[in-house]
Amino acid sequence: MPIPRRTPLAAGRSIQGLMERHCMDILASEGIAIERRCIQHGTTSVFRHSVAVTHACVSLACRLRVPVHERDLLRGALLHDYFLYDWHESDPAHRLHGFRHPRTAYENARRDFALTAIEGNMILRHMFPLTPVPPTCREAWLLCMADKYVATRETARGLVRRLRGRGDARRAGR
């Protein structure tokens, strides 16, 4: 099967529309139902995190005018954390989650969907440099940056909420 040509994403296109065009099978899957129930960062579900990362990937590709495989970018971003468990639960299998979850996500995604080489590279390499092997395609590099940005934003929001809650509790105790 020939690899589709990379083209710059057109600015102003609806990300929701792009997801409906390329990701309906993923969005309707049982795995996504599991992602909706599992927490990723702070109070954000794995599903909401994955959608936010997909949005960030598309925005970054548009702003930088990076030619990409549109379908692969969206699908790889949406599946990058398809590990299908709550890593906050006390379970020995969840040890070293940051290092291990890309492989688990890849195996689950490969089992449930027909992955392209780009999608596979995106899923397997999105934790670089925590995992030592770097991405080998531009879509995976975009995902790497977008995931770190979104994860930092989600974690910071959770910390700010907790700190504000502590401040409210201290003021109430006065």
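**Exercise 1. Confidence**

What is the mean pLDDT of the chain, and what share of its residues reach 70 or more?

*Solution.* The model is predicted. Step one: the chain averages a pLDDT of 89. Step two: 91% of its residues reach 70 or more. Where pLDDT is low, the predicted coordinates should not be read in detail.

**Exercise 2. α3 against α4**

Describe how the axes of helix α3 and helix α4 cross, and list the contact residues by class.

*Solution.* Start with the spans: α3 covers residues 30-37 and α4 covers residues 46-64. Their axes come within 5 Å and cross at roughly 105°. Angles of 65 to 115 degrees count as roughly perpendicular, so α3 is roughly perpendicular to α4. Next, the residues. α3 contributes I32, E35 and R36. α4 contributes V46, F47 and S50. By class, this contact of α3 with α4 has 3 nonpolar, 1 polar and 2 charged residues.

**Exercise 3. α4 against α5**

Give the angle, axis distance and handedness for α4 and helix α5, then the make-up of their contact.

*Solution.* α5 spans residues 70-79. α4 and α5 pack at about 150°, with axes 8 Å apart. Their crossing is right-handed. On the α4 side, the contact uses S50, V51, T54, C57, V58 and A61. On the α5 side, it uses L73, L74, A77 and L78. The contact of α4 with α5 divides into 8 nonpolar, 2 polar and no charged residues.

Technical notes. Residues are numbered from 1 along each chain as its sequence is written. This is a predicted model: local features need pLDDT of at least 70, side-chain atom pairs count only at pLDDT 80 or more; totals for chains, interfaces and linings use all residues. Side-chain values use heavy atoms; hydrogens and water are left out. Axes are lines fitted to C-alpha atoms, for helices over the stretch in contact, and angles run from 0 to 180 degrees between N-to-C directions. Helices (H or I, at least four residues) and strands (E, at least two) are DSSP runs, numbered from the N terminus. Angles under 35 degrees count as roughly parallel, over 145 as roughly antiparallel, 65 to 115 as roughly perpendicular and the rest as oblique. Contact means heavy atoms within 4.5 Å. Ala, Val, Leu, Ile, Met, Phe, Trp, Tyr, Cys and Pro count as nonpolar, Asp, Glu, Lys and Arg as charged, and the others, Gly among them, as polar. pLDDT is the predictor's confidence in each residue, from 0 to 100. A crossing is left-handed if the near helix is turned anticlockwise from the far one by less than a right angle, and right-handed if clockwise.
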